[in-house]
Amino acid sequence: MQPILSQKGDLNSDNKITPIDAVIALTIAASDGVNYNADVGGDGKVASLDRLMILQVAVGNIAIGS
Ligand SMILES: [Ca+2]
């Protein structure tokens with residue numbers, strides 16, 4: 001089940017999207033794990049696009065909806 005209160009991309013639940021979240025997304029993908037908050041693109045998979053989006057949010061280049 002997808003947690004309700006966590007923001008998409010905030011994988012360590014600190015209410016911020018930082019490069020740490022991108023690293024966590026990479027780790028999830030590398031281990032074939034599933035974390036729906038890491039699926040920023042909403043296609044049901046945690047792919048390189050999701051990691052890129054998380055990193056872009058972390059550095060302030062883009063914003064994603066909650
Ligand atoms: Ca975070």
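**A close look at helix 1**

Reply: Happy to. Helix 1 is 12 residues long and spans 17 Å from its first C-alpha to its last, close to the 16 Å expected at 1.5 Å a residue. Please keep in mind that this is a predicted model.

Let's start with the sides of the helix. Asp21, Ala22, Ile24 and Ala25 are the buried residues of helix 1. Because they cover an arc of only 160 degrees around the axis, they sit on the same side of helix 1. As background, an α-helix has 3.6 residues a turn, so residues three or four places apart point the same way. On the face turned away from the buried side, helix 1 carries the exposed residues Pro19 and Ala30.

What lies over the buried side? Part of the cover for the buried residues of helix 1 comes from helix 2. The two helices pack with their axes 8 Å apart, at an angle of about 170 degrees. An angle over 145 degrees counts as roughly antiparallel, and therefore helix 1 is roughly antiparallel to helix 2. On the helix 1 side, the residues that meet helix 2 are Pro19, Asp21, Ala22, Ala25, Leu26 and Ala29. Their counterparts in helix 2 are Asp50, Arg51, Ile54, Leu55 and Ala58.

The largest one has 12 residues in all, among them Ala22, Ile24 and Ala25, together with Ile54 and Leu55. Helix 1 (19-30) and helix 2 each supply at least two residues of this core, and helix 2 gives the most, with four residues. In general, nonpolar side chains tend to be buried together in soluble globular proteins.

Val46 is also one of the core residues. Leaving aside neighbours within four places in sequence, Val46 is in contact with Ala25, Ile28 and Ala29, as well as with Asn35, Ala38 and Asp39.

The C-alpha atoms of Asp39 and Leu49 are separated by 9.0 Å, with the two residues 10 places apart along the chain. Leu49 counts as partly exposed because it has 13 C-beta neighbours inside 10 Å, while a residue needs 20 or more to be called buried.

Terms used:
Residues are numbered from 1 along each chain as its sequence is written. This is a predicted model: local features need pLDDT of at least 70, side-chain atom pairs count only at pLDDT 80 or more; totals for chains, interfaces and linings use all residues. A nonpolar core is a set of buried Ala, Val, Leu, Ile, Met, Phe, Trp, Tyr and Cys residues joined through C-beta atoms within 7 Å. Two residues are in contact if their C-beta atoms, placed from the backbone, lie within 7 Å. The expected span of a helix is 1.5 Å times one less than its number of residues. The arc is that of the directions from the helix axis to the C-beta atoms. Axes are lines fitted to C-alpha atoms, for helices over the stretch in contact, and angles run from 0 to 180 degrees between N-to-C directions. Angles under 35 degrees count as roughly parallel, over 145 as roughly antiparallel, 65 to 115 as roughly perpendicular and the rest as oblique.
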